[in-house]
Amino acid sequence: MSAPIVVGIDGSAHAWRGLDWAADRAVRHRLPLLLVHGSRALVPDGPIPPDALRRLVAEREDLLAEARQYAFKIHPDLDIETRLVPEDPGRALVGESEHADLVTVGSRGLGGFEGLLFGSVGLYVAAHARCPVLVVSRQAPFPADAPEEIVIGLEGSAGEDAVVEWAFAEAATRDARILALHAVGREFGSPRRRVIEDMELSQALAGMRERFPDVPVDHLVSDRTPAQALVEASENAALVVVGARRRRGLAGMALGRVNHAVLHHAHSPVVVVPTRD
């Protein structure tokens, strides 16, 4: 069975918009969906009396069933499963990421039960998941209304092949173009310096251009800071795709200041792809 796209469901509007994007990707890549709701309140033999726990479990199962029906109405051929996990929402989603194609979370979720409040659950998942993470805010457009451009943020460091490959594969299924962006955060000093940076960026994309010849590609070397450049580019993007390095000897990824800024301020959904040094 194919690895599923996991979606965190918490009852907030942000989670529903994340479900829109996850379902759209599942259809295009022919992958199953797994809708997950995690809560420490569901732990058996915990502080909640048995009768109250049964009611709570039924309530959360109804929530997942509602989300499942919502996705079916838009995409009736989808393979969708649901799962209640008696664990902290962030840890539940990270646990599912071990066998997932993608984990999707809503950002700035101020409603719902535990609430996928970005900065807590959303940030935890983005930093610790073992697969790419898609972060979608309520302000994000519906997938069908999104611009036809995917922005890749590249540092020029080793291990970014996974980021580039994910973005190109996604662009191929969306009939989107790629904007590869490298920001240096300073004046170039000379036209020659800009040309050199541009050539290095082109070389980083060469292999993917051969594998995906039908995907149009632009590249931009900016003198803005990386965070500024990516947030500005997100205004006209379907997705912004960034990488996060595995932390040696520790679980999870080092998101860094740039990714934090992009996750909090981007106008489009953001995908965080694990990379290796």
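Predicted model: local features only at pLDDT ≥ 70, side-chain atom pairs only at ≥ 80, totals over all residues.

Trainee: Which residues have the most contacts inside the largest nonpolar core?
Mentor: Those are Leu 19, Leu 33, Leu 35, Phe 168 and Ile 178, in a core of 48 residues. There is also a second, separate core of 36 residues, with Val 94 and Val 262 among its members.

Trainee: What does Ile 178 touch?
Mentor: Leaving out residues up to four places away in sequence, its contacts include Ile 150, Phe 168 and Val 217. Ile 150 is also the bridge partner of Ile 178 in strand 7.

Trainee: How many residues of strand 7 are buried?
Mentor: Six of the seven, so strand 7 (residues 177–183) is largely enclosed by the rest of the structure. Strand 6 pairs with strand 7 in the parallel sense over five bridges, and six bridges join strand 7 to strand 8, again running parallel.

Trainee: And which helix goes with strand 6 and strand 7 in the β-α-β unit?
Mentor: Helix 5 (residues 161–174), and the unit is right-handed.

Trainee: Is Trp 16 buried or exposed?
Mentor: Trp 16 counts as buried, at 18% relative accessibility, while Tyr 70 is partly exposed at 26%. In the other pair, Phe 168 and Phe 212 have planes at 35° and centres 6.0 Å apart, so that pair is tilted.

Definitions and conventions
Residues numbered from 1 in each chain as written. Heavy atoms only, no water. Core = buried A, V, L, I, M, F, W, Y, C linked by side-chain atoms within 4.5 Å. Buried < 20%, exposed > 50% of the residue type's maximum accessible area, 1.4 Å probe, protein only. Contact = heavy atoms within 4.5 Å. Helix = DSSP H or I, 4+ residues; strand = E, 2+ residues; numbered from the N terminus. Pairing = 2+ DSSP bridges. Right-handed = clockwise from strand over helix to strand, strands pointing away. Phe/Tyr/Trp six-rings, centres within 6.5 Å; stacked < 30°, edge-to-face > 60°.
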